[in-house]
Number of protein chains: 2
Amino acid sequence: MKTRTVPNRTYLTEKEMPEKWFNVRSAMKVKPEPMIHPGTKQPLGFKDIQPIFCDEVIRQELDNDTPYVDIPDEVLRYYRMFRPSPLCRAYELEAALDTPAKIYYKFEGNNTSGSHKLNSAAPQAYYAKKQGLKSITTETGAGQWGTALSMACAHFGLDLTVFMVKVSSEQKPYRKAVMETYGANVIASPSATTDIGKKLLADFPGTGGSLGCAISEAIEAAVKSGGSSRYTLGSVLNHVLLHQSVIGLESKAALEKLGEYPDIVIGCAGGGSNFGGIIAPFVKDKLDGKKVKLLAVEPANCPSLTKGKFEFDFGDTGKITPMMKMYTLGSEFIPPPDHAGGLRYHGMSPIISKLYEDKLIDAIAVPEQDVFKSARLFAKTETILPAPESAHAIHAAVLEAQNCKKTGEAKTIVFCLSGTGYFDLAAYVKNA
Amino acid sequence: MKTRTVPNRTYLTEKEMPEKWFNVRSAMKVKPEPMIHPGTKQPLGFKDIQPIFCDEVIRQELDNDTPYVDIPDEVLRYYRMFRPSPLCRAYELEAALDTPAKIYYKFEGNNTSGSHKLNSAAPQAYYAKKQGLKSITTETGAGQWGTALSMACAHFGLDLTVFMVKVSSEQKPYRKAVMETYGANVIASPSATTDIGKKLLADFPGTGGSLGCAISEAIEAAVKSGGSSRYTLGSVLNHVLLHQSVIGLESKAALEKLGEYPDIVIGCAGGGSNFGGIIAPFVKDKLDGKKVKLLAVEPANCPSLTKGKFEFDFGDTGKITPMMKMYTLGSEFIPPPDHAGGLRYHGMSPIISKLYEDKLIDAIAVPEQDVFKSARLFAKTETILPAPESAHAIHAAVLEAQNCKKTGEAKTIVFCLSGTGYFDLAAYVKNA
């Protein structure tokens, strides 16, 4: 068979893989506002956050200036078991759409966590271990972040306690089983292991829990560990976006190998971690004068960028976190039922919010039914069953490609396929 | 970070990918016996099987001589969406075992079907389409083969009817949902759509069905289609092993790039499709005088090679298929409950059986509890959650590596990681 100039799958070699993350804040003229204390409204410094997060992560969180941050050798070693992820040319999707556009996607779902979350789980577990901690805590709703962190903790030799929203742990026993296979201690939240959990159980007997409550329990468990534990979070924060920049750096390097530069880069956006990751190097290019459209895609049901306000708000429903300046629908906002669990967040990463405020990125909100239509088209043409979250990015790529068909432009479209939908089939059934 | 000489993941380029399958029978001095008619005991020819299978597949099934068979361009094009699969160096598993052995695994699970089954589903769908057929039929138990065939039929534009064992379709609604997402018509078996199904429903109201019954229904539906449909099978038969040779050919090419040749090649063996695939080119080498151990691993609960008899037997419990000369526990053998569904077959591929009879391959049977111990070790060290079937191969590799530790030999061990365990978590919970 004649080999096409651009293969279906482009893999970097280990030597070509990035060995540094890129800190997008270093390129921004105006930096995102720092987190503030809800009472004093004062910016939070290193010492304020030290009981919650591990030291290196806080340094990364607060560092707006260092452009490139070394990926530790131990993390690179771990990355090499599931990275590089392939940059895929969507020949079959292009043919189905009969579009002159060239569509590429960076596929981050080919690891057991099923998503890009492992990119940040690995360094967060590593830094905690390096600091001499015994354990870390986190919360999980849908379960992808909890799974990723379980995998990373198994590798780095760290105990992990995952507070899993009770209703989710009951509905998804197998998500719990994966985490336990990797050695995690999974606790249904609210639980009797924390004060806040006990209080909630007393006040609301039989409650199914919430992500806000699970966050509160995970933070309490870390803070009250006597210093042996810290809390970890899988999205929204600056250090998470730093780690996820590996997606964009690899994508850019692979595109360069193919002699390509994107006209449009697309990612779905809930907390902003995969979108922030894939656009990172392209934001710098854009600030350097390059023309490239950077498009965040959110669900019409939870449109924080396109319908929210840019203001200081809490990171959680329970209002126990610091406040962040971000696009938000209000910390009390409860989105209508929607299966893209990873996109059901009331706010948006402060970095992404600031980029949107400064008109460096675009955003659209798309309805669930349309998203699933594109998800099914993608599955049938490109073989991969996408996560409902990632399908938002697919749908936007389809819209852009259809537009190219109208205008006759052969644009180069790149999107992040952040995960697979193997645990989301209830959503496919509902939207059949 | 210093890059190791052997990377964690070795991917062939598209140009390096095999463009022909290898027919292992061409290298065998004594060929496997042909299928025979249960009544007449006469070998079955092309015309006898034509109502059941599509023409090209029958030609491949009966051809013992052609060494290399062109992979059609259309199939190569499809393969390139999920192949090459990576050849992985198990550095972390080696370290955990403190072994001088070098362990490699060929990872076939990184596609939405979750296993190597897609390698044969693609050509089977393609040949059916090329012949002008409207549809194909098949049966599925655990669901991996049905999923793979659904994916391939969506691509090649073919209707697919999957008879899914009723109890399995009720216990695994999401497996059904994946197949339906790809457009398959999934029917719980026994069903009222076939005569044999109607009879079974009348005789055994409320039955949960069986694989034997689902096979019968799928064959009946194909045979009674008036020529517009054919039946397909995902293991055991010669043409399936031919298609799966792509696993071994890619493995050998990747090992050559690394300057390696295996001392031991390992695969789990149920019907024999992934094992037959990975050993294909190495059987030829062995017949040409090369020293290499080829090891089939079966569950202690279903030990067809190690405890079965080499004789003519039916392929199914219902005794409606032709008879094949194979190692068999008897077509009425029902293995005790065991979660490695893909290995619960009473017989073994005639090719694999003949190779075992001729002492060209070795076989061991291993107990379920030990297999899950190795599965968990592998998941924690190498990040990938293995299918219980594939974990049999992992366990044998662990045993060989432990033996190397005792003897001090730095053997090169290669095994096929045929699939992932994302849909098998009940088994992990049971064997925790």
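B:His395 is found in helix H16 (residues 388-407) of chain B, where helices (H or I, at least four residues) and strands (E, at least two) are DSSP runs numbered from the N terminus. This is a predicted model, in which local features need pLDDT of at least 70 and side-chain atom pairs count only at pLDDT 80 or more, while totals for chains, interfaces and linings use all residues. Residues are numbered from 1 along each chain as its sequence is written, chains are lettered from A and ligands numbered from 1 in the order in which they are written, and side-chain values use heavy atoms, with hydrogens and water left out.

B:His395 counts as buried because its relative accessibility is 8%, buried meaning under 20% relative accessible area, exposed over 50% and partly exposed in between (1.4 Å probe, protein chains only). Leaving aside residues up to four places away in sequence, B:His395 touches B:Val366, B:Asp370, B:Val371 and B:Ser374, contact being heavy atoms within 4.5 Å.

Elsewhere in chain B, aromatic rings come together. Rings of Phe, Tyr and Trp (its six-membered ring) pair if their centres lie within 6.5 Å, and planes under 30 degrees apart count as stacked, over 60 as edge-to-face and the rest as tilted. By this rule the count over all chains comes to 30 aromatic pairs. One of them is the stacked pair of B:Phe310 and B:Tyr327, with 4.9 Å centre to centre and 25 degrees between the planes. This pair links distant parts of the chain, since B:Phe310 lies in strand E12 (residues 309-314) of chain B and B:Tyr327 in strand E13 (residues 323-328) of chain B, 17 residues apart. B:Phe310 counts as partly exposed because its relative accessibility is 21%, whereas B:Tyr327, at 9%, counts as buried. B:Tyr327 also forms an edge-to-face pair with B:Tyr356, at 5.3 Å centre to centre and 75 degrees between the planes. B:Tyr327 lies in strand E13 of chain B and B:Tyr356 in helix H14 (residues 350-357) of chain B, so this pair ties together parts that are 29 residues apart in sequence.

The two chains also meet each other, and the contact takes 44 residues from chain A and 44 residues from chain B. Chain A and chain B bury about 4,400 Å² between them, 59% of it on carbon and sulfur atoms, buried area being the accessible area (1.4 Å probe) that two parts lose on being put together, summed over both. A:Met1, A:Met81 and A:Thr383 supply 18% of the area that chain A buries against chain B, more than any other three residues.
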